[in-house]
Amino acid sequence: MTFRFEAAPNAQGAELAARVAAAIPTLETERLVLRAPQLSDFDTYAQIVASPRARYLTVMSREDAWYDFAQMVAIWSLRGHGMWSVCAKDNAQLLGFVVLGFEPEDPEPELGFIFTEAGEGQGYAFEAASAARDFAFDQLGWDTLASFVVKGNERSARLAERLGAFVEREIVEEDGVTLVYRHLSSDGDGGMEAYA
């Protein structure tokens, strides 16, 4: 089912949206482009978070997925960081999403990542997450950030470790345990700071 909020804006709205999106930094890696999310990306995002692929996150209805997607895009205008859509450089296929996020329950900004089934197993998540992490350290001036990984999510745990992060602590919650993976910049001491 397609909801009204998913409908394309009129010409004036589309033009303004394109100007706003142009302000979000585009990152390029060897095989990928990390670009501003587009309205057309929402369907892929909703499919991921409404499926069993989201079992380590929160499986969402399409409406809740919209609120989540919108807030991760909107954080760009509020904090100067947010979510990128990750596309293959050679054919523009949407493979997933990486985010420098700051959700209400997070004690600090996080490096998060979700990918489509087609985007897994080829190193794309590592490549995209590395670019986002480096942006946080090099462009935003952060010296640390975290990835919050539900215990048992071995794929995400392996990715965080491959990125050079280490388990700093566990957060015990009613529905399970979350591992806090710590990412440090090469010149940072890991101290907390005021984030952008």
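Where is Ala92 found? Ala92 is found in the loop between strand E3 (83-88) and strand E4 (94-101), where strands are DSSP runs of at least two residues and helices (H or I) runs of at least four, numbered from the N terminus. This is a predicted model in which local features need pLDDT of at least 70 and side-chain atom pairs count only at pLDDT 80 or more, while totals for chains, interfaces and linings use all residues. Residues are numbered from 1 along each chain as its sequence is written, and side-chain values use heavy atoms, with hydrogens and water left out.

**Ala92**
- Phi of Ala92 is near 65°, a positive value in a residue other than glycine.
- Ala92 is exposed at a relative accessible area of 54% (exposed means over 50%, buried under 20%, partly exposed in between, with a 1.4 Å probe and protein chains only).

**Helix H4**
- The buried residues of H4 include Tyr124, Glu127, Phe135 and Phe137.

**Salt bridges**
- The count comes to 11 salt bridges, each a side-chain nitrogen of Lys or Arg within 4 Å of a carboxyl oxygen of Asp or Glu.
- Glu28 and Lys89 meet in one of 3.4 Å, N to O; Glu28 lies in strand E1 (residues 27-28) and Lys89 in the loop between E3 and E4, so the pair ties together parts 61 residues apart in sequence.
- Asp134 forms a salt bridge with Arg133, the closest N and O atoms being 3.1 Å apart; Asp134 is partly exposed at 33% relative accessibility, whereas Arg133 is buried at 15%.
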